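Please look over the structure below before reading on.

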Amino acid sequence: YFQLPADLTKMHLTDNPHPQVTHVPSSQSGCSIASDSGSSSLSDIYQATESEMGDVDLTGLPEAPVDSEDEEEEEDEDIDRTSDPLLGRDVVRECLEKEPADKTDDDIEQLMEFMHQLPAFANMTMSVRRELCSVMIFEVVEQAGAIILKDGQELDSWYVILNGTVEISYPDGKSESLCMGNSFGITPSLDKQYMNGVVRTKVDDCQFVCIAQQDYWRILNHVEKNTHKVEEEGEIVMVKEHRELDRSGTRKGHIVIKATPERLIMHLIEEHSIVDPTYIEDFLLTYRTFLTSPLEVGNKLLEWFTVDSLRDKVTRVVLLWVNNHFNDFEGDPAMTRFLEEFEKNLEDTKMKGHLRLLNIACAAKAKWRQITLQKPSRDSPLFFSLLGGSDKGFGIFVETVEVGSKAAEAGLKRGDQV
């Protein structure tokens with residue numbers, strides 16, 4: 001018996017079974033099976049192939065609870081409640097109207113969920129937003145045309161607009177309109193600051209949150225104690241933020257908030273904090289925004305696979321990648337070749353348990369499709385080879401496809417079951 005990787009329980013997948021998986025024996029090593037865009041849970045994969053997996057030790061794997069109809073109805077009601085923007089704003093307003101000392105952890109979480117959507121808070125870390133939400137005060141100006149700040153008036157707060165529009169009229173005659181999510185007022189400094197221009201409301205029912213100068217300066221200038229910067233050759237290549245998930249202090253650690261692409265790739269195989277358990281999933285979901293090609297990740301994974309101490313970590317990354325984003329492989333010939341090379345590495349290092357999981361993951365993505373391959377004559381070569389049959393005891397699979405051939409152009413791939 002071989003042990004399955006313990007950290008596979010962290011895979012985040014949906015629960016859409018694929019009945020046709022039962023026709024693809026797990027003993028096959030095909031990696032290029034076409035897929036749909038959905039993900040399937042490992043529990044589905046295990047169930048679909050358990051008849052061929054008599055030699056696999058599945059002890060220790062968690063069982064997924066089955067939701068009852070009542071629970072599903074409650075979840076639907078929760079979704080309906082949270083999807084109602086007016087109801088959501090009412091909840092936020094209730095939290096805002098409380099005095100800072102009376103705000104609970106739940107109130108602050110509600111405020112953070114709302115505030116992070118506003119441009120004024122967009123570039124702030126979570127810890128800074130949390131601190132600001134705990135001290136902010138809610139103010140409402142009912143009438144349009146009301147003057148909020150006069151020209152030359154000493155400033156004592158930072159303002160963020162939650163509803164309505166204000167206009168700033170500058171002494172030189174220019175004016176500027178600010179709407180929901182914009183801010184005005186002091187900068188994070190204890191120096192005396194004065195308003196340049198006149199701020200007045202343009203519509204009725206303008207709503208603001210205000211943060212006192214002392215609090216604003218304290219929070220923004222003490223953020224350094226919650227961050228850890230990694231430098232290489234005099235340049236900052238990664239910034240981590242210290243977070244505490246609860247006030248007990250038992251769940252705390254650093255989470256990556258920004259880094260160079262190279263460092264983000266490297267962090268895939270580094271130790272992840274208890275407050276950042278889904279870093280790999282997050283990376284695989286977002287790498288397209290800062291990398292030009294997935295091969296940048298694939299080539300590094302193949303390089304790290306040669307290091308014994310990194311082999312299990314690399315394999316986990318690839319398994320998560322295949323399960324959650326199989327389209328990255330089937331739609332890219334270069335990535336298909338990467339997957340085949342990775343599979344060969346698993347075979348060479350005799351990592352049979354991981355190899356079986358890779359095959360199962362690929363098979364779980366299979367879907368039926370029809371391919372037409374035209375030959376000029378009966379004697380013309382096929383440009384692909386088959387493996388299997390009744391004498392072998394399993395189905396017929398495509399073993400190899402010649403690169404650049406008519407078979408490859410028609411869409412035939414290694415691992416396809418005929």
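## Aromatic pairs

In this predicted model, the structure holds 15 aromatic pairs. In one of them, the ring centres of Tyr-159 and Phe-184 lie 5.0 Å apart and the ring planes stand at 5°, so the two rings count as stacked, the term used for planes under 30 degrees apart. Tyr-159 belongs to strand S5 (residues 157-163) and Phe-184 to strand S8 (residues 183-185), so this pair ties together parts of the chain that are 25 residues apart in sequence. Both partners fall under the 20% limit for buried residues: Tyr-159 is buried with a relative accessible area of 9%, and Phe-184 is buried with a relative accessible area of 6%.

One aromatic cluster is formed by Tyr-279, Phe-283, Tyr-287, Phe-290, Phe-305, Trp-321, Phe-326, Phe-329, Phe-338 and Phe-342. Phe-305, a member of that cluster, also has a charged residue over its ring, for Arg-311 lies over the face of Phe-305 at 5.1 Å from the ring centre.

Met-115 lies in helix H4, which spans residues 105-115, and with a relative accessibility of 0% Met-115 counts as buried. Leaving aside neighbours within four places in sequence, Met-115 is in contact with Leu-96, Phe-121, Cys-133, Met-136, Leu-162 and Val-209. A separate distance, taken from C-alpha to C-alpha, places Met-115 and Arg-129 at 7.9 Å in space, while the two are 14 residues apart in sequence.

Is His-325, a loop residue, buried or exposed? His-325 sits in the loop between helix H10 (311-324) and helix H11 (327-330), and at 16% relative accessibility it counts as buried. When residues up to four places away in sequence are not counted, His-325 touches Leu-284, Leu-285, Arg-288 and Leu-320.

## An open sheet of four strands

An open sheet is formed by 4 strands in the order S4-S9-S6-S7, with antiparallel pairing. Strand S4 (147-149) and strand S7 (175-178) stand at the edges with a single partner strand each, so one side of each edge strand is left without a neighbour in the sheet. On average, and with direction ignored, neighbouring strands of this sheet are turned by 30° against each other.

Within this sheet, strand S6 (residues 166-169) pairs with S7 in the antiparallel sense over 4 bridges. As background, the strands of a sheet pair through backbone hydrogen bonds, in either a parallel or an antiparallel arrangement.

## A hairpin and positive phi angles

Strand S14 (residues 384-389) and strand S15 (residues 394-401) run antiparallel and are joined by 6 bridges. Across this pairing, Ser-385 stands opposite Thr-400 in S15. The hairpin of S14 and S15 has 4 residues between the strands, and Gly-393 takes a positive phi near 90° in this hairpin.

Which values of phi are found at Glu-233 and Lys-350, neither of which is a glycine? Glu-233 has a positive phi near 55° and lies in the loop between strand S11 (227-232) and strand S12 (235-244); at 84% relative accessibility, Glu-233 counts as exposed. Lys-350 has a positive phi of about 60° and is placed in the loop between helix H12 (333-348) and helix H13 (352-364), where its relative accessibility of 67% means that Lys-350 also counts as exposed.

## The chain as a whole

The chain contains 14 helices and 15 strands, and buried residues make up 41% of its 418 residues. Among contacts in the chain between residues at least 6 apart in sequence, 65% join residues that are at least 24 apart. The chain exposes about 23500 Å², of which carbon and sulfur atoms supply 49%.

Terms used:
Residues are numbered from 1 along each chain as its sequence is written. This is a predicted model: local features need pLDDT of at least 70, side-chain atom pairs count only at pLDDT 80 or more; totals for chains, interfaces and linings use all residues. Side-chain values use heavy atoms; hydrogens and water are left out. Rings of Phe, Tyr and Trp (its six-membered ring) pair if their centres lie within 6.5 Å; planes under 30 degrees apart count as stacked, over 60 as edge-to-face and the rest as tilted. Helices (H or I, at least four residues) and strands (E, at least two) are DSSP runs, numbered from the N terminus. Buried means under 20% relative accessible area, exposed over 50%, partly exposed in between (1.4 Å probe, protein chains only). A charge sits over a ring if NZ of Lys or CZ of Arg is within 6 Å of the ring centre and within 35 degrees of the ring normal. Contact means heavy atoms within 4.5 Å. Two strands pair if DSSP finds at least two bridges between them. Axes are lines fitted to C-alpha atoms, for helices over the stretch in contact, and angles run from 0 to 180 degrees between N-to-C directions. Accessible areas come from the Shrake-Rupley method with a 1.4 Å probe; for residues, only the protein chains shown count as cover.
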